[in-house]
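Here is a short report on one protein model. Please look over the sequence and the fold before reading on.

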Amino acid sequence: MKIWFKLVKNRHIVKDTTITDESDDTRTHKVFRSLEEAAHELDVGVPTWLDLNIKDFKRFAKTRFTQDSFIETLEGDYLEMEVLEED
């Protein structure tokens, strides 16, 4: 699985990273592990999944985490994650 993470501010990508997980783990575990790794690389907190995020991710394999998903201040407008490749 390959997931692209983008920190966006004023419609511009400020930082981005791509995380690849080739383990035999479940899709859910790969997604959560990749999100934690990307948050560390992008120097942002790990966001909380809100109902909207879950619905968008299930439907489109893509979601945006806005400030509402973070405890600390997000240095951007949102963090977007998008699945590029599935196993």
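## Basis

This is a predicted model, in which local features need pLDDT of at least 70, side-chain atom pairs count only at pLDDT 80 or more, and totals for chains, interfaces and linings use all residues. Residues are numbered from 1 along each chain as its sequence is written, and side-chain values use heavy atoms, with hydrogens and water left out.

## Strand pairing

Helices (H or I, at least four residues) and strands (E, at least two) are DSSP runs, numbered from the N terminus. Two strands pair if DSSP finds at least two bridges between them.

S1 and S4 are antiparallel, with seven bridges. Here Lys 6 sits opposite Glu 80 of S4. S3 also runs antiparallel to S4, joined by four bridges. Phe 65 has Leu 79 in S4 as its bridge partner.

## Nonpolar core

A nonpolar core is a set of buried (under 20% relative accessible area) Ala, Val, Leu, Ile, Met, Phe, Trp, Tyr and Cys residues joined through side-chain atoms within 4.5 Å. The largest one holds 20 residues, and Phe 5, Val 44, Leu 79 and Met 81 have the most contacts inside it. S1, helix H1 (27-42) and strand S4 (78-85) each give at least two residues to this core. H1 supplies the largest share, five residues.

Contact means heavy atoms within 4.5 Å. Leaving aside residues up to four places away in sequence, Met 81 touches several residues, including Phe 5, Leu 35, Phe 57 and Ala 61.

## Two positive phi values

Most residues other than glycine have a negative phi. Arg 11 has a phi near 65 degrees. Arg 11 lies in the loop between strand S1 (2-9) and strand S2 (12-20). Its relative accessible area is 81%, so Arg 11 is exposed (over 50%).

Ala 61 has a positive phi of about 60 degrees. Its loop lies between helix H2 (51-60) and strand S3 (62-65).

Definitions and conventions. Buried < 20%, exposed > 50% of the residue type's maximum accessible area, 1.4 Å probe, protein only.
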